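I am keeping these notes while going through one structure. The entries follow the order in which I looked things up.

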Amino acid sequence: MFVLFFARLREQVGTERLDLEAPYPVTVAALRELLTQKGEPWAQALSDNKLLVAVNQAMAHPDTPLKAGDEVAFFPPVTGG
């Protein structure tokens with residue numbers, strides 16, 4: 001499984017991609033919790049309640065299940081203009 005970070009999240013955590021090895025978190029919420037345990041700045045970056053998540057390029061919810069080979073992307077809300 002690999003995790004992508006976009007926009008300001010990439011800058012906050014200092015990486016654009018993180019490869020995870022088994023065992024994998026079973027849901028998006030569990031993955032988010034696992035990443036926040038990496039300490040600051042991870043906890044701060046992932047604590048935003050407006051943060052969006054996509055799994056395999058489809059919008060996801062905290063209870064979305066995860067499996068090996070999934071691509072998970074975290075990104076801030078996008079505004080247009």
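Entry 1, salt bridges. I began with Arg-10 and Glu-16, whose side chains meet in a salt bridge at 3.9 Å, N to O. I count a salt bridge when a side-chain nitrogen of Lys or Arg is within 4 Å of a carboxyl oxygen of Asp or Glu. Arg-10 is partly exposed, at a relative accessible area of 35%. My classes are buried under 20% relative accessible area, exposed over 50% and partly exposed in between, with a 1.4 Å probe and protein chains only.

Before going on, I note that this is a predicted model: local features need pLDDT of at least 70, side-chain atom pairs count only at pLDDT 80 or more, and totals for chains, interfaces and linings use all residues. Residues are numbered from 1 along each chain as its sequence is written, and side-chain values use heavy atoms, with hydrogens and water left out.

I searched the whole structure and found four salt bridges. One of them joins Asp-48 to Arg-8, with the closest N and O atoms 2.7 Å apart. This pair links distant parts of the chain, since Asp-48 is in the loop between H3 and E3 and Arg-8 is in helix H1, 40 residues apart. Asp-48 is partly exposed at 22%, and Arg-8 is partly exposed at 33%. Lys-67 pairs with Asp-70 in another salt bridge, at 3.1 Å between the closest N and O atoms. Here Lys-67 is exposed at 53%, whereas Asp-70 is buried at 3%.

I listed three helices and five strands, in the order β-α-β-α-α-β-β-β from the N terminus. Helices (H or I, at least four residues) and strands (E, at least two) are DSSP runs, numbered from the N terminus.

In what order do the five strands of the open sheet lie? I read E2-E1-E5-E3-E4, with mixed pairing; two strands pair if DSSP finds at least two bridges between them. The edge strands are E2 (17-19) and E4, each pairing on one side only. E1 and E2 are antiparallel over three bridges, and Leu-4 has Arg-17 as its bridge partner in E2. E3 (residues 52-55) and E5 (residues 71-75) are antiparallel and joined by four bridges, with Phe-75 in E5 as the partner of Leu-52.

E3 also pairs with E4 (residues 58-59), antiparallel over two bridges, and Ala-54 stands opposite Met-59. E3 and E4 form a hairpin with two residues between them, and Asn-56 in the turn has a positive phi of about 50 degrees.

The largest nonpolar core has 20 residues, and Val-3, Phe-5, Leu-31, Leu-35, Val-72 and Phe-74 touch the most other members. Such a core is a set of buried Ala, Val, Leu, Ile, Met, Phe, Trp, Tyr and Cys residues joined through side-chain atoms within 4.5 Å. Two or more residues each come from E1 (2-5), H1 (8-13), H2 (28-36), H3 (42-46), E3 and E5. I looked at the contacts (heavy atoms within 4.5 Å) of Phe-74: not counting residues up to four places away in sequence, they include Val-3, Phe-5, Leu-9, Leu-31, Arg-32, Leu-46 and Val-53.

Buried residues make up 37% of the 81 residues in the chain. The C-alpha trace spans about 40 × 25 × 20 Å along its principal axes.
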